[in-house]
Amino acid sequence: MQCKVLCQSCGMPLEMTEDLGKNMDSSRNDEYCVYCYQNGGFICTHLLFIQ
Ligand SMILES: [Zn+2]
């Protein structure tokens, strides 16, 4: 059984802390990667269709 965490938006493996997105309070968000999620919000507008 694999426990690898994947970004819920783009599917990128979140293997390192640096890969994790950041919440508004600078804590790490373990559901999304840094490329999708920064400062408590999504970066790429093309990802908005997911919601
Ligand atoms: Zn992502």
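## Contacts of Leu14

Leaving aside neighbours within four places in sequence, Leu14 is in contact (C-beta atoms, placed from the backbone, within 7 Å) with Val5, Leu6, Cys7, Asp19, Leu20, Asp30 and Cys33. The model is predicted: local features need pLDDT of at least 70, side-chain atom pairs count only at pLDDT 80 or more, and totals for chains, interfaces and linings use all residues. Residues are numbered from 1 along each chain as its sequence is written.

## Nonpolar core

Leu14 also belongs to the largest nonpolar core. Such a core is a set of buried Ala, Val, Leu, Ile, Met, Phe, Trp, Tyr and Cys residues joined through C-beta atoms within 7 Å. Buried means 20 or more other C-beta atoms within 10 Å of a residue's own; exposed means 12 or fewer; partly exposed lies in between. This core has seven residues: Cys7, Leu14, Leu20, Tyr32, Cys33, Cys36 and Tyr37. In soluble globular proteins, nonpolar side chains tend to be buried together.

Strands here are DSSP runs of E, at least two residues long, numbered from the N terminus. S1 (residues 20-22) and S2 (residues 28-33) run antiparallel, joined by three bridges. Pairing requires at least two DSSP bridges between two strands. Lys22 has Arg28 in S2 as its bridge partner. Five residues separate the two strands of this hairpin.

## Positive phi in two loops

Ser26 lies in the loop between S1 and S2. Its phi is near 70°, positive in a residue other than glycine. Ser26 is exposed, with 8 other C-beta atoms within 10 Å.

Asn39 sits in the loop between S3 (37-38) and S4 (41-42). Asn39 is not a glycine either, yet has a positive phi of about 55°. Asn39 counts as exposed, with 11 C-beta neighbours inside 10 Å.

Conventions
Helix = DSSP H or I, 4+ residues; strand = E, 2+ residues; numbered from the N terminus. Contact = placed C-beta atoms within 7 Å.
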